[in-house]
Amino acid sequence: GELKVLEITGVEYDFSIEEIRVKRGDRVRIEFTSQEGLHDLVIDAFDVRTQRVSTGESDVVEFVADEAGTFEYYCSVNNHRQLGMVGTLIVE
């Protein structure tokens, strides 16, 4: 697979990218930055979790998208997920 590099920022209750599409077998690198507030990015299906970062801070995670399907990613800080800080990862 290819290396897919995604720069995603988090603001209060929103991600800058709400849908990620990759191919099965791709290596996915997410460079996550908080533009506002304390956030993280979690994808349970691939056991991916960035560190919690504050405004201006970043963290990077990499994983192989080895399972096809549609998966949710979300911010696990407080009730951010319930407030709509979610996105969709589609592995084709």
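Let me open with a question: does Asn78 count as buried or exposed, and at what relative accessibility? At 67% relative accessibility, Asn78 counts as exposed, where exposed is defined as over 50% relative accessible area, buried as under 20%, and partly exposed as in between, with a 1.4 Å probe and protein chains only.

Before I go on, a word on the model: it is predicted, so that local features need a pLDDT of at least 70 and side-chain atom pairs count only at pLDDT 80 or more, while totals for chains, interfaces and linings use all residues. Residues are numbered from 1 along each chain as its sequence is written, and side-chain values use heavy atoms, with hydrogens and water left out.

Let me begin with the whole chain. The protein chain has 9 strands and 0 helices, and from the N terminus on its elements run β-β-β-β-β-β-β-β-β; these are DSSP runs numbered from the N terminus, a strand being E with at least two residues and a helix being H or I with at least four. The radius of gyration of the protein chain is 12 Å, which agrees with the value near 12 Å that a compact globule of 92 residues would have; that radius is taken over C-alpha atoms, and the globule rule is 2.2 Å times the number of residues to the power 0.38. Taken along the principal axes, the C-alpha atoms fill a box of roughly 35 × 25 × 20 Å.

Of the 92 residues, 38% count as buried, and the protein chain exposes about 5000 Å², of which carbon and sulfur atoms supply 41%; the areas come from the Shrake-Rupley method with a 1.4 Å probe, and for residues only the protein chains shown count as cover. If we take the contacts with a separation of 6 or more, residues 24 or more positions apart account for 59% of them, a contact meaning heavy atoms within 4.5 Å.

Now to the sheet. An open sheet of 4 strands has the order β2-β1-β4-β7, with mixed pairing, and its edge strands are β2 and β7, each of which pairs on one side only; two strands pair if DSSP finds at least two bridges between them. In this sheet β1 and β4 pair in the parallel sense over 8 bridges, with Thr9 standing opposite Thr33 in β4 and Glu7 opposite Glu31 in β4. Strand β4, residues 27-34, pairs with β7 in the antiparallel sense over 7 bridges, and here Thr33 stands opposite Ser58 in β7.

Strand β7, residues 58-64, has a covered face made of Asp59, Val61 and Phe63, and an uncovered one made of Ser58, Val60, Glu62 and Val64. In general, the side chains of a regular strand alternate between the two faces of the sheet.

As background, most residues other than glycine have a negative phi. Asn78, from my opening question, also has a positive phi, of about 45 degrees, and its place is in the loop between β8 (69-74) and β9 (86-91).

Strands β8 and β9 run antiparallel and are joined by 6 bridges, with Thr88 in β9 as the bridge partner of Glu72, whereas strand β3, residues 19-22, runs parallel to β9 and is joined to it by 4 bridges, with Ile90 in β9 as the bridge partner of Arg21.

Finally, consider Lys4, which is found in strand β1 and is partly exposed, with a relative accessible area of 26%. Not counting residues up to four places away in sequence, Lys4 touches Val22, Asp26, Arg27, Val28 and Arg29. Lys4 and Met85 are 81 residues apart in sequence and 22 Å apart in space, C-alpha to C-alpha.
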